Structure formats: structure tokens, C-alpha cells
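Hi there,

Here is the structure I promised to pass along. Have a look at it first, and my notes on what turned up follow just below.

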Amino acid sequence: VEPGFGGQSFMEDQLPKIEAVRRECERLGIPMDIQVDGGISPATVETAAEAGANVLVAGSAVFCADDPKEAIATLREKAAKYF
């Protein structure tokens, strides 16, 4: 995403980069946090985690939700099986 602008779309074309970095870290035995910041929502959180991201930043999905606590719970629940 473009830094500094909330509410941007998830960029699926970046998933191969996440997967490649995760594979290389695992191959080398390097513990690494891979963060995705941009477009994380209940619809994309599993996709990002499945690709290898383990730090997920959800701004608009939480702050624009009718119930932010519920939004966080949903995101955590969907990501939990990957961590």
C-alpha cells in the first residue's frame, strides 16, 4: 500500500513475496516476523497468514467496524490456526 493512507486494498500480488521470504527464512533456520500492513480484514487475514505473514496490522477493519472488539476477535480467530 501507499504509506500513510488508511483503507487501502489488500495487494494479493504481493503474496508470492511473502511466501518466498518465509521459505527462505525457514530454509536458513532464521526466525523472522513478516508483517503485512494494508487491507487486512476478515476477508484477507487468512490469506496473508497462510502465505507466511505472522504480524498482521488491521487498521480500518477495526476502527471502522460497528463493533471493534468483535472485529478484533474475528481477526484473531481466523488467524489463530496459522500461529
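K78 has a relative accessibility of 28%, so K78 counts as partly exposed (buried is under 20% relative accessible area, exposed over 50%, partly exposed in between, with a 1.4 Å probe and protein chains only). K78 forms a salt bridge with E46, and their closest N and O atoms are 3.8 Å apart; the term stands for a side-chain nitrogen of Lys or Arg within 4 Å of a carboxyl oxygen of Asp or Glu. Because K78 sits in helix α4 and E46 in helix α2 (residues 45–51), this pair ties together parts that are 32 residues apart in sequence. Helices here are DSSP runs of H or I with at least four residues, strands are E runs of at least two, and both are numbered from the N terminus.

Before going further: this is a predicted model, where local features need pLDDT of at least 70 and side-chain atom pairs count only at pLDDT 80 or more, while totals for chains, interfaces and linings use all residues. Residues are numbered from 1 along each chain as its sequence is written, and side-chain values use heavy atoms, with hydrogens and water left out.

Back to E46, which is partly exposed at 24% relative accessibility. E46 also forms a salt bridge with K81, with 3.0 Å between the closest N and O atoms. K81 lies in the segment after α4, so this second pair ties α2 to a part 35 residues away in sequence. K81 itself counts as exposed, at 60%. Together, E46, K78 and K81 are linked in a network of salt bridges.

The structure holds three salt bridges, and one of them joins E24 and R27, whose closest N and O atoms are 2.7 Å apart. E24 and R27 both lie in helix α1 (residues 15–28), three residues apart, about one turn of the helix. E24 is partly exposed at 35%, whereas R27 is exposed at 60%.

As for the whole chain, there are four helices and two strands, in the order α-β-α-β-α-α along the sequence. The C-alpha trace spans about 45 × 30 × 15 Å along its principal axes, and 27% of the 83 residues count as buried.

P68 is found in helix α4 and is partly exposed at 35% relative accessibility.

Best wishes
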